[in-house]
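Me: I've just opened this model and I'd like to understand how it is put together. Could you take me through it slowly?

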Amino acid sequence: MRLNKSTDIALRIAMRLAVADDAEAPTTREVAGAVGVPYTHAAKVVSRLQHLGVVQARRGRGGGLTLTPAGRTGSVGRLVRELEGAGDVVGCEDEPPCPLRGACRLRGALRAAQEAFFAALDPLTIEELTGAPTGPVLLSLETRPGR
C-alpha cells in the first residue's frame with residue numbers, strides 16, 4: 001500500500017508541529033522548508049488539516065501553525081483514512097472498467113488488506129510517532145530562516 005503524496009506531507013507536517021514548542025508556532029512556509037516539500041503543496045495540506053481539526057493556524061504577527069490536542073492524540077489510522085478517502089486500491093470502475101468486476105474476488109481481498117493496513121495505524125498517535133529517535137531529528141530541521 002502506498003500513501004498519496006498529500007497524506008505523506010500531512011503526516012510529516014503534523015509530526016514536525018508535534019515537537020514544536022508553544023512559542024515557536026512556525027509558518028506554513030517554514031514547515032514546508034523543514035519537511036522538504038513545496039510551499040504550495042504544504043499550504044493545501046495545512047488547509048485540509050485545519051478542516052479536519054488537526055492543525056490550528058493563526059494569521060498575522062505572532063501567528064503560525066500549532067497542532068491541536070486532537071491532532072496530537074488522535075488516531076493516525078483515522079487521520080490516514082480521512083486523508084486517503086474511501087477509494088479502492090485498484091480502479092475496477094475506471095475507464096475502461098475491468099471486465100472481471102462483477103465476479104472478481106481480488107477487489108474484496110484488497111479492500112480487506114487496505115483495512116488491515118489502516119487498523120495497524122489505529123492505535124498510534126502523532127505524539128507517539130515523535131518519540132526518540134524521531135523527535136530529535138524533527139527538532140533539528142530548520143524552520144526559521146537564518147536559524
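**Working through the model**

Me: What do the buried residues of α5 pack against?
Reply: The buried residues of α5 pack against α1, α3 (39–51), α6 (106–121) and α7 (126–129). Buried here means under 20% relative accessible area, with exposed being over 50% and partly exposed in between, using a 1.4 Å probe and protein chains only. Helices (H or I, at least four residues) and strands (E, at least two) are DSSP runs, numbered from the N terminus.

Me: Before I go on, what sort of model is it, and how are the residues numbered?
Reply: It is a predicted model, in which local features need pLDDT of at least 70 and side-chain atom pairs count only at pLDDT 80 or more, whereas totals for chains, interfaces and linings use all residues. Residues are numbered from 1 along each chain as its sequence is written, and side-chain values use heavy atoms, with hydrogens and water left out.

Me: Back to α5, then: which of its residues are buried?
Reply: Helix α5 covers residues 76–84, and within it V76, G77, L79, V80, L83 and E84 are buried. Seen down the helix axis, these buried residues fall within an arc of 160 degrees, so they line one face of α5; the arc is taken from the directions that run from the helix axis to the C-beta atoms.

Me: And what follows α5?
Reply: The helix is followed by G85, which has a positive phi, near 85 degrees.

Me: You mentioned α1. Where is T7, and is it buried or exposed?
Reply: T7 sits in helix α1, which spans residues 5–18, and T7 counts as buried because its relative accessibility is 0%.

Me: What about F118, which residues does it touch?
Reply: F118 belongs to helix α6 and is buried, with a relative accessible area of 4%. Not counting residues up to four places away in sequence, F118 touches M1, G77, V80, R81 and E84. F118 and L79 are 39 residues apart in sequence, while their C-alpha atoms lie 9.5 Å apart in space.

Me: Changing topic, how many cavities are there?
Reply: A search of the whole structure finds one cavity of 30 Å³ or more, and the largest cavity holds about 40 Å³ of space. On a 1 Å grid over the protein atoms alone, a cavity is a set of points where a 1.4 Å probe fits but cannot get out, a pocket is an open set with protein on both sides within 12 Å along at least five of seven lines, and lining residues have an atom within 4 Å of a point. Grid points are joined across faces, edges and corners, and a volume is the space filled by probe spheres set on the points.

Me: Which residues line the largest cavity?
Reply: The lining is made up of V54, A70, G71, G74, S75, V76, R78, L79 and I126. Both α4 (69–73) and α5 supply at least two of the lining residues, and the largest share, three residues, comes from α5.

Me: And the largest pocket, how much space is in it?
Reply: About 270 Å³ of space lies in the largest pocket. Its lining has 15 residues, of which T28, A57, R58, R59 and L65 lie nearest the centre. At least two lining residues come from each of α2 (28–35), α3, β1 (55–58) and β2 (64–67), and α3 gives the most, with five.

Me: Now the whole chain: how many helices and strands does it have?
Reply: The protein chain has eight helices and two strands, and from the N terminus on they run α-α-α-β-β-α-α-α-α-α. Buried residues make up 36% of its 147 residues. Taken along the principal axes, the C-alpha atoms fill a box of roughly 60 × 30 × 25 Å. Among contacts between residues at least 6 apart in sequence, 69% join residues at least 24 apart.

Notes. Contact = heavy atoms within 4.5 Å.
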